[in-house]
Amino acid sequence: MTRATETVVAVSGLRVDARDETGRERAIVRDIGFEVGRGEVVALIGESGSGKTTIALSMMGYARPGCRIAEGEIRVGGTDVRALDPGALAAFRGRRVTYIPQSAAAAFNPSHRLMRQVVEGAAIHGLMSRAEAAAKAVELFRALALPDPETIGDRYPHQVSGGQLQRLIAAMALLPSPELVILDEPTTALDVTTQIEVLRAFKKVVREQRTTALYVSHDLAVVAQMADRIIVLRDGAMQEEGAAGRLLTAPSHPYTQELLRAADPALRESEAAAPATGGPVLEVRDLTAGYGRIDAQGEPAIPVLRDISLRIERGSVLGVIGESGSGKSTLARVVAGLLPAARGSVELDGAKLPALAAQRTRDQLRRIQIVFQMADVALNPARTVSRILGRPLAFYHGLGGAEQTRRIAELLDMVRLPAALAGRHPDELSGGQKQRVNLARALAAKPDLILCDEVTSALDTVVGTAILELLDELRRELGVAYMFISHDLSTVKAICDQVMILYAGEVAELGGRQALPQSPLHPYTDLLISSVPELRTGWLDERADRRIGEAASRPTAGRSGCAFAARCPVVIPDRCATTSPPWRSLAKGASIRCHRSEAELLAQQSVRPSGAAAAPLASTPR
């Protein structure tokens, strides 16, 4: 995509004010000016609170409650957006400027079929008949590489995957042929393989339709694949602007340089596995779990995990990686006692734990804590930080009064938050602050093991890096162990000692952090690693011919073959589809479940260049 001469968006002197708790207004975005040409994609990047989304939404003449567009000029297609009255704004939004949100699942009505919702905006604006809109939608479904484009619109939102929903809402936004599309973190919540498919589809349609777009993101590697130009924001002000290639390779502003460093978390010497003392703090043996009725063979009606075994040494970190639906969060729920196992056992310091939290002793509950992904949901908005932290202190340790107040101050200091935050409510905190309170609540119990379920996935790279550094410091200071669940391979590589790769509820590979990037890999691990966007322009285009395919979401009852067989580039058709793969110990110090020998995998993975498609191996008779 190249810079066009025709200007579609022109912004100058933009200032957005917000009212604080005292009723006084202050500028949260100030002195913003830029242009976007026809067919150009401009990215707005920066950490949380930098003003990215506030600026993007102002292109629609919209400001969040408590905010107002105070100064400046905003023109889209020659229209002075600030001069539009409410009726004209309603006609402008969803017709000339459309919006693709971060969470498509929250944007769709679960009670209506998808096609009805995709064409609704075009029908409301009177752009075309519903029949014409449906026909155009099918063409967009096809362009966005959605499966069964003629019939997918007949499904309900819960009947398609997260990546498919994200492409469907893109079709909804593109249907009116708008002058400007705003993409607000559209792939942040997706795993790496789904993200690649969605990005590829977005980029194809943007190029073919010469779509003008503002791309809001904190992920520089993603921005590198989509943007022609990048605007770097901090505290509501522009820090640097330039062509994507130049800015990513030779940034001039120190803050841009900081963002680039945060995009690739460094390995830390302190992360070496702690020496085992008295055996593992947690051991899981032959675990099978799922939902629904359990049959006589110990199989749940809806299987999610099958034959999972792992161990976590005291003070060490086990990373659990996999695509969405692979069973990562279900594993954490079973360990925490929120979901009973159908078969197998969970042992804490060698003692078998009751299956349900309600059956566990108070001390057993104290020793295993869980930190959920979304602090917004995990923290009670009606309670102050002091009350949130005080509850586990009273429940597990009987602390109250001045002793509790003192310990709350210690916990806040432990997670690098000022004591003054104790009197605030969660909605008065930033995303990073809320996640630190979420972590402090777990630490209040003085646990031996913390289950971290995607704790950095909703955070920008700078804040996420700070959380990783905090987790590492707490591990060294307190000796606490972690099960760190993520779909972000760079994060897991930075903090974990051991890494377990899950696919469709089964372990595909298990080994040390140092072994993770070394060949040979399980073919699924190879797919995950090669799907992480590189921090350079053109990487996505180089992968144009490599198709990833849809992930299998869970084990299939009665399946005997390899779950990954349908997507595997080195599949042995007669064997992989019918016979469960054996465990193989590799020279690099990892174990995998695969029918291919180490020599076969090494030959296949060591010869191809980075990002190239795997050359198929001949089926090997045995």
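Q: Why is the crossing of α6 and α7 called right-handed?
A: A crossing is right-handed if the near helix is turned clockwise from the far one by less than a right angle, and left-handed if anticlockwise. The pair α6 and α7 falls in the right-handed class.

Q: What is the source of these values?
A: This is a predicted model, in which local features need pLDDT of at least 70, side-chain atom pairs count only at pLDDT 80 or more, and totals for chains, interfaces and linings use all residues. Residues are numbered from 1 along each chain as its sequence is written, and side-chain values use heavy atoms, with hydrogens and water left out.

Q: What makes α6 oblique to α7?
A: The axes of α6 (residues 130-143) and α7 cross at roughly 135° and come within 10 Å. Axes are lines fitted to C-alpha atoms, for helices over the stretch in contact, with angles from 0 to 180 degrees between N-to-C directions. Under 35 degrees is roughly parallel, over 145 roughly antiparallel, 65 to 115 roughly perpendicular, and the rest oblique. Therefore α6 is oblique to α7.

Q: Which residues make the contact of α6 and α7?
A: Contact means heavy atoms within 4.5 Å. Lys136, Leu140 and Phe141 of α6 meet Leu168, Ala171 and Leu174 of α7. By class, that gives five nonpolar, no polar and one charged residues.

Q: Why is α7 called roughly parallel to α8?
A: α7 (residues 162-174) and α8 (residues 192-209) have axes that cross at roughly 15° and come within 9 Å. That angle makes α7 roughly parallel to α8. The crossing of α7 with α8 is right-handed.

Q: What makes the contact of α7 with α8?
A: α7 supplies Gly163, Gln166, Arg167, Ala170 and Leu174. α8 supplies Thr194, Val198, Ala201, Phe202, Val205 and Gln209. By class, there are six nonpolar, four polar and one charged residues. Nonpolar covers Ala, Val, Leu, Ile, Met, Phe, Trp, Tyr, Cys and Pro; charged covers Asp, Glu, Lys and Arg; the others, Gly among them, are polar.

Q: Why is strand β20 called largely enclosed?
A: Buried means under 20% relative accessible area, exposed over 50%, partly exposed in between (1.4 Å probe, protein chains only). In β20 (residues 506-512), six of the seven residues are buried, so the rest of the structure largely encloses this strand.

Q: How do you know that β19 and β20 pair, and in which direction do they run?
A: Two strands pair if DSSP finds at least two bridges between them. Six bridges join β19 (residues 498-503) to β20, and the two run antiparallel. Tyr503 stands opposite Glu506 in β20. Two residues lie between the strands of this hairpin, and one of them, Ala504, takes a positive phi near 50°.

Q: How many bridges join β20 to β22?
A: Three bridges join β20 to β22 (residues 590-593), again antiparallel. Here Glu509 stands opposite Ile592.

Q: How do you know that strand β17 is mostly covered?
A: Five of the five residues of β17 (residues 449-453) are buried. Leu449, Leu451 and Asp453 lie on one side, Ile450 and Cys452 on the other, and both faces are covered.

Q: Which bridges join β17 to β16 and β18?
A: Four bridges join β16 (residues 368-371) to β17, running parallel. Five join β17 to β18 (residues 481-486), also parallel. Leu451 is the bridge partner of Ile370. Leu451 also has Met483 of β18 as a bridge partner.

Q: What makes β12 and β15 edge strands?
A: The open sheet runs β12-β11-β14-β15, with antiparallel pairing. β12 (300-312) and β15 (351-352) each pair on one side only. Two bridges join β14 (residues 343-348) to β15. Leu348 has Ala351 as its bridge partner in β15.

Q: Why is Asp31 called exposed?
A: Its relative accessible area is 63%, so Asp31 counts as exposed. Asp31 lies in β2 (residues 25-37). Its phi is positive, about 55°, although Asp31 is not a glycine.

Q: Why does Asp307 count as partly exposed?
A: Asp307 has 41% relative accessibility, which means partly exposed. Asp307 is found in strand β12, and its phi is near 55°, a positive value in a residue other than glycine.

Q: Which residues does a cis peptide bond join?
A: Ser519 and Pro520, with omega about 0°. Pro520 lies in the loop between β20 and α20 (523-530). Helices (H or I, at least four residues) and strands (E, at least two) are DSSP runs, numbered from the N terminus.
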